[in-house]
Amino acid sequence: MLTTHEMLERLIAFPTVSSQTNLPLIGFVREYLASFGIEPTLIYDRDRLKANLFATIGPSTAGGVVLSGHTDVVPALEEGWISSPWSLTGRGGRLFGRGTCDMKGFVAIVLAAVPQMLAAKLKTPIHIALSYDEEVGCIGAVSLVDAVKEAIPPPRAVFVGEPTRMQVVNGHKSLLAFRTRVRGHAVHSSRMDLGVSAVMKAARLVTWLDEAMACNREGPAAMGFLPPYTTLHCGVIEGGSAGNIVAEACSFITDIRAIPQEDAREFRARFERYIRSEIEPAMQAVHASSGVDIEDLSFIPALAPEPSGVAEDLACLLTGNTEAAVVAFGTEAGIFQKAGWSTVVVGPGDIAQAHRVNEFIEQEQIAAGEAFIRRLIAHLSA
């Protein structure tokens with residue numbers, strides 16, 4: 001048996017940055033569960049370098065609860081770490097290390113509570129679901145949810161343990177990311193009439209994104225969200241080779257974060273229609289090989305508030321929250337909800353501490369998460 005602190009110490013020691021394998025951590029969790037007679041299921045990626053894990057504790061009946069967490073973390077390359085990011089360090093009521101908040105703290109709480117789950121004689125099951133590559137587009141969760149849906153009777157609720165300070169969250173925006181590549185035709189800038197500037201065409205496309213967002217800003221506000229409208233953002237742009245050469249290539253990355261009542265993919269479709277009708281014809285009239293290509297990078301569905309949501313009601317009962325909130329950041333919750341399962345986000349820690357130097361989780365938040373799991377176990381055993 002391991003305490004939550006001891007479990008978190010073990011988990012933090014695995015540098016599960018999304019660019020690396022998570023199999024050592026998954027192997028540790030598998031052996032830990034096997035020591036209690038629990039045989040988890042692993043779902044590997046195509047190259048078998050990463051794996052999701054899920055396991056069931058309790059009877060094989062409908063109406064259980066899925067506890068979901070991701071195993072990957074963002075890199076820890078920032079200067080200013082006052083202790084190793086891969087070693088759990090306690091100071092002043094805080095536990096420091098990469099992933100303490102996002103979201104190995106929650107995973108540690110759940111795994112440390114396995115002996116309590118086994119001893120409680122659960123009447124409905126608890127399902128533990130751990131994914132890979134959440135930080136780079138919720139990639140692993142898609143195959144994880146597909147596998148879990150085939151393997152277990154329908155659960156009553158899904159709790160995704162992202163850091164919310166144990167506030168129940170019933171809604172967040174979707175996220176669609178894609179790369180646009182503009183293919184121009186290079187000539188000397190003194191005869192730019194003979195060329196096609198990829199940079200200047202890309203600038204028109206970025207302006208389209210900004211103008212579309214301006215229209216959203218003027219529309220009805222989506223209450224609770226900050227900002228209360230769908231955003232279209234260009235964060236990276238690269239192109240051109242010299243000031244006196246018409247640019248042959250330019251690319252940029254867009255992310256669209258849509259409120260639940262709007263579809264990020266519809267904005268992308270409008271963007272592409274604008275390209276095909278307004279941008280490409282003029283480009284190709286000058287040089288036939290010019291054009292625009294779009295590469296989809298990731299899509300994270302929104303989490304929509306559910307009328308009379310079962311997961312929300314249960315989570316509020318266990319936390320004492322009187323109402324749920326919405327957040328701007330994305331999670332895997334929308335993927336579970338799309339599977340037809342009532343889903344909310346609720347977990348220890350503060351998202352403000354995630355993805356930054358000296359990431360930490362407060363010990364009082366660990367205690368609040370432990371209390372939440374104890375109440376869940378008692379509820380499912382009653």
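**Salt bridges**

I began with aspartate 255 and arginine 257, whose side chains meet in a salt bridge at 3.7 Å, N to O. The model is predicted. I looked up the cover on each partner. Aspartate 255 has a relative accessible area of 18%, so it is buried, the cut-off being under 20%. Arginine 257 has 29% and is therefore partly exposed.

Next I took arginine 265 and aspartate 263. Their side chains also form a salt bridge, 3.2 Å from N to O. I found arginine 265 at 42% relative accessibility, so it counts as partly exposed. Aspartate 263 comes to 35%, and it is partly exposed too. I then noted a network: Arg268, Glu272, Arg276, Glu280 and Asp296 are joined by salt bridges that share partners.

How many salt bridges are there by this rule? I noted a count of 18.

I picked out one between aspartate 293 and arginine 183. The closest N and O atoms are 2.8 Å apart. This pair links distant parts of the chain, 110 residues apart. Aspartate 293 lies in strand S12 (residues 291-300), and arginine 183 lies in strand S9 (residues 174-183).

**Aromatic rings**

I turned to ring pairs. The count comes to nine aromatic pairs. I checked tryptophan 208 with phenylalanine 271. Their ring centres are 5.5 Å apart and their planes stand at 55 degrees, so I logged the pair as tilted. It links distant parts of the chain, 63 residues apart. Tryptophan 208 belongs to helix H6 (residues 198-218), phenylalanine 271 to helix H7 (residues 264-286). Tryptophan 208 and phenylalanine 271 are both buried.

I also recorded one aromatic cluster, formed by Phe14, Phe28, Tyr32 and Phe36.

**Charges over rings**

Which ring lies under the charged end of arginine 48? I found tyrosine 44, with the charged end 3.8 Å from the ring centre. I found a charge over a ring at arginine 91 as well. Its charged end sits over the ring of phenylalanine 96, 3.9 Å from the centre.

**Surface patch**

Last, I looked for nonpolar side chains on the surface. Met192, Val199 and Met200 form a nonpolar patch there. Together they have about 270 Å² of accessible area. I placed methionine 200 in helix H6, the helix that also holds tryptophan 208.

Terms used:
Residues are numbered from 1 along each chain as its sequence is written. This is a predicted model: local features need pLDDT of at least 70, side-chain atom pairs count only at pLDDT 80 or more; totals for chains, interfaces and linings use all residues. Side-chain values use heavy atoms; hydrogens and water are left out. Rings of Phe, Tyr and Trp (its six-membered ring) pair if their centres lie within 6.5 Å; planes under 30 degrees apart count as stacked, over 60 as edge-to-face and the rest as tilted. Helices (H or I, at least four residues) and strands (E, at least two) are DSSP runs, numbered from the N terminus. Buried means under 20% relative accessible area, exposed over 50%, partly exposed in between (1.4 Å probe, protein chains only). A charge sits over a ring if NZ of Lys or CZ of Arg is within 6 Å of the ring centre and within 35 degrees of the ring normal. Patches are made of residues with over 30% relative accessible area and no salt bridge: like charges are joined within 9 Å, nonpolar side chains (Val, Leu, Ile, Met, Phe, Trp, Tyr) within 5 Å. Accessible areas come from the Shrake-Rupley method with a 1.4 Å probe; for residues, only the protein chains shown count as cover. A salt bridge is a side-chain nitrogen of Lys or Arg within 4 Å of a carboxyl oxygen of Asp or Glu.
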